[in-house]
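Colleague: I have just opened this one and would like a walk through it. Can we take it piece by piece?

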Amino acid sequence: MKSIKTKIQAFTLSEMLVVLLLTVIVVGLAFSILSLVQKQMNTAKDNFETKTELNQLKQALWRDFRTFTEINFQNEQLTLKNEINQVNYNFVNDYIIRKTDTFYIRLNQKQLYFDGEVVTSGIVNALVLETSKAAGGKKIFVYRENAADIYMKD
């Protein structure tokens, strides 16, 4: 009998190692790019949430400043009231509480005004809130025009 030698077509070990090495490099690059994209998306999400919090606080303050007739500030609490209702804003280190709403905004500065003069407590008709750098360093300014009855009180 005649023995037939047939050579099997296959890749060599060195060729397989090169392919494996190239695959590892491509997968590594893909994961590093994915990681960068995730960090960028998280940053965009955090910025959006901060802007949303600021806008919601600003809208609530504007609405309340227009709705309530008496605005007072005492002991880190802004109290707005009229004959029917009352709302309190409590200013804590990293957040502001209004009824059941909590605005997670860190403030750098809180400036209160009455008739253009800076006040630390008592009747208020304007408010400037400056957020920290982490919250974008934005300013919120709300005011109301005083009714005549405020000047008639003792």
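**Salt bridges, sheet and rings**

Modeller: R98 is buried, with a relative accessible area of 8%. Buried means under 20% relative accessible area, exposed over 50%, and partly exposed in between, using a 1.4 Å probe and protein chains only.

Colleague: What sort of model is this, and how are the residues numbered?

Modeller: This is a predicted model, where local features need pLDDT of at least 70, side-chain atom pairs count only at pLDDT 80 or more, and totals for chains, interfaces and linings use all residues. Residues are numbered from 1 along each chain as its sequence is written, and side-chain values use heavy atoms, with hydrogens and water left out.

Colleague: Back to R98. Which side chain meets R98 at 2.8 Å, N to O?

Modeller: That is D64, in a salt bridge. The term stands for a side-chain nitrogen of Lys or Arg within 4 Å of a carboxyl oxygen of Asp or Glu.

Colleague: What else does R98 form a salt bridge with?

Modeller: With D101, where the closest N and O atoms are 3.8 Å apart. D101 is partly exposed at 34% relative accessible area.

Colleague: How many salt bridges does the count come to?

Modeller: The count is 4. One of them joins the side chains of E76 and K110, again at 2.8 Å, N to O. E76 lies in the loop between β1 and β2 and K110 in strand β6 (residues 107-114), so this pair, too, ties together parts 34 residues apart in sequence. E76 is partly exposed, with a relative accessible area of 38%, and K110 is partly exposed at 25%.

Colleague: What ring does the charged end of K110 sit over?

Modeller: The ring of F91, 5.0 Å from its centre. A charge sits over a ring if NZ of Lys or CZ of Arg is within 6 Å of the ring centre and within 35 degrees of the ring normal. R66 likewise lies over the face of Y143, at 5.1 Å from the ring centre.

Colleague: Which residues are clustered with Y143?

Modeller: W62 and F141, in one aromatic cluster. Rings of Phe, Tyr and Trp (its six-membered ring) pair if their centres lie within 6.5 Å; planes under 30 degrees apart count as stacked, over 60 as edge-to-face and the rest as tilted. A search of the whole structure finds 4 aromatic pairs. Among them, Y95 and Y104 are tilted, at 6.1 Å centre to centre and 55° between the planes.

Colleague: New topic. What is the strand order in the open sheet?

Modeller: The open sheet of 6 strands runs β5-β4-β3-β2-β1-β8, with antiparallel pairing. Two strands pair if DSSP finds at least two bridges between them. β5 (101-103) and β8 (122-123) are at the edges with a single partner strand each, so one side of each has no neighbour in the sheet.

Colleague: Which residue in β8 stands opposite F73?

Modeller: G122. Strand β1 (residues 70-74) and β8 pair in the antiparallel sense over 2 bridges.

Technical notes: Helices (H or I, at least four residues) and strands (E, at least two) are DSSP runs, numbered from the N terminus.
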